[in-house]
Amino acid sequence: MVQRVPVSGLENAGGNFKNLLVNGDYQIWQRATSAATVTASNSAGTYMSDRWASWEYNDGTITQEQSALDNDDFETTGMRNALLVKCTGTDSSIAADQFAMITQVIEAQNCQGLKWGTDNAKDVTLSFWVKSNLTGTFTATLRKPDSTYYYIPKEYTISSANTWEKKRITYGPDDTNGSVLKASTGNIVNDNGEGIWVQFGLAFGSNFHGTAGTWANAITGISTSNQTNFMSSTSNNFYLTGVQFEAGSGASDFEHLPFDVQLQRCMRYCNVMNGTHEVVANYSTLAPGYVTASTQGYFTVVHPVPMRLAPSETTSADSDFLLADGAGGSIATTGIAVNQAGSNRTLLLATVSSGLTAGRGSAMLYNNKTTATLTLDAEL
């Protein structure tokens, strides 16, 4: 019989799923991998790599893309992919209410092991690999929405240009004003809503400047005045990978999950049918259904894993899909919309101009396009 001896002093030695972030090694890219411009918005980020949103709200522009790491980078970081953000349009003077950042929002019920809102509230440690041509001070911030909003920015330095650097930052009750985590104001509701935001700052105006290492319940706690302006030059780039967020005051080795496990975790928040993980033959079936009128039918998509909540739906183009007419032919769709949705399945209402027969069985097909996508989105 083998005796199991506990390891003392390693609070972060961890079990499975110690990393509260999903896809921290950027394995999964359901939406796309090529460079794409981030939509300018102060209320929503743009997703490409699963679970990670890039935000841009200033007078410049940024793009995001997958960076496949070469063997030298892999030897250094242990990662095969990184998120790459580039400045493609400059803003040399960030206005007070402007910003740029990279974020992931952790689901609240996955944060309960931190015991925030009790006397036993735990520290958390953020570790990551970062590389940029731009050296200087950057911020990594936590945001806790439930009960009372609290933010805490912490600074780190990119010391050497174009060089991978490993950073480790701990946050918790011992930080300035950290007692809020032990009071009811620190509570994170046990539901499927927002738990903790992890934010990597790229640029922040003065409205967001606060004090490093201090919990604050105002937006001035999002960043500091020392944050480097990533928007200063179109030569600027920012690589991020190996991001881990775990309970405890130290950083353990990055938790590598099997690809299929990571994909299923991502599909709780987004499912791209005919995405990069799937090869679809011409005219293959997306969903079975039935016809209720000459111009419409209902089709059921069963989710591979239960989604966080009833998802919304978008398509690459409605005409990228067909409805089988029940007599050996097919008709291009003119509209696809969610009729009923839950966490386990979504009922779609699809319309055509004419030609269907009510009462017949049908199927929604891909219209001879491997680039056709139907996306179900339940992101935080």
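Predicted model: local features only at pLDDT ≥ 70, side-chain atom pairs only at ≥ 80, totals over all residues.
Student: What should I know before I start?

Tutor: Residues are numbered from 1 along each chain as its sequence is written.

Student: How do I read a sheet?

Tutor: Strands of a sheet pair through backbone hydrogen bonds, either parallel or antiparallel. Strands here are DSSP runs of E, at least two residues long, numbered from the N terminus. Two strands pair if DSSP finds at least two bridges between them.

Student: In what order do the strands of the open sheet with β2 stand?

Tutor: The order is β2-β3-β6-β11-β8-β9, six strands with antiparallel pairing. β2 (46–47) and β9 are at the edges with a single partner strand each, so one side of each has no neighbour in the sheet. β6 and β11 are antiparallel and share nine bridges. Look for M101, whose bridge partner in β11 is G201.

Student: What links β8 to β9?

Tutor: Nine bridges join them, and they run antiparallel. T139 has E155 as its bridge partner in β9. The two strands form a hairpin with five residues between them. S147, in the turn, has a positive phi of about 60 degrees.

Student: How many residues of β9 are buried?

Tutor: First, the term: buried means under 20% relative accessible area, exposed over 50%, and partly exposed in between, using a 1.4 Å probe and protein chains only. Seven of the nine residues of β9 are buried, so the strand is largely enclosed by the rest of the structure.

Student: Which strands make up the open sheet with β1?

Tutor: That sheet has six strands in the order β1-β4-β5-β12-β7-β10, with antiparallel pairing. Its edge strands, β1 (36–37) and β10, each pair on one side only. Eight bridges join the antiparallel strands β4 and β5.

Student: Is S67 buried or exposed?

Tutor: S67 is buried, at 14% relative accessible area. This residue lies in β4 (residues 61–68). Contact means heavy atoms within 4.5 Å. Beyond its neighbours within four places in sequence, S67 is in contact with R80, N81, A82, L84 and Y239.

Student: How do I read a nonpolar core?

Tutor: In soluble globular proteins, nonpolar side chains tend to be buried together. A nonpolar core is a set of buried Ala, Val, Leu, Ile, Met, Phe, Trp, Tyr and Cys residues joined through side-chain atoms within 4.5 Å. The largest one here has 49 residues, and W116, L126 and L142 are among those with the most contacts inside it. Strands that each supply at least two of its residues include β5 (81–89), β7 (124–132) and β12 (237–247). β11 gives the largest share, five residues. A second, separate core of 21 residues includes I331, I336, L376 and A378.

Student: What does L142 touch?

Tutor: Setting aside neighbours within four places in sequence, its contacts include W116, I152, W197 and F245.

Student: Which residues lie nearest the centre of the largest pocket?

Tutor: Rolling a probe the size of a water molecule over the atoms shows where empty space is left. A pocket is an open set of points on a 1 Å grid over the protein atoms alone, where a 1.4 Å probe fits, with protein on both sides within 12 Å along at least five of seven lines; lining residues have an atom within 4 Å of a point. Of the 14 lining residues, N42, F99, M101, F208 and I222 lie nearest the centre. β11 provides the largest share of the lining, three residues.

Technical notes: Heavy atoms only, no water. Helix = DSSP H or I, 4+ residues; strand = E, 2+ residues; numbered from the N terminus.
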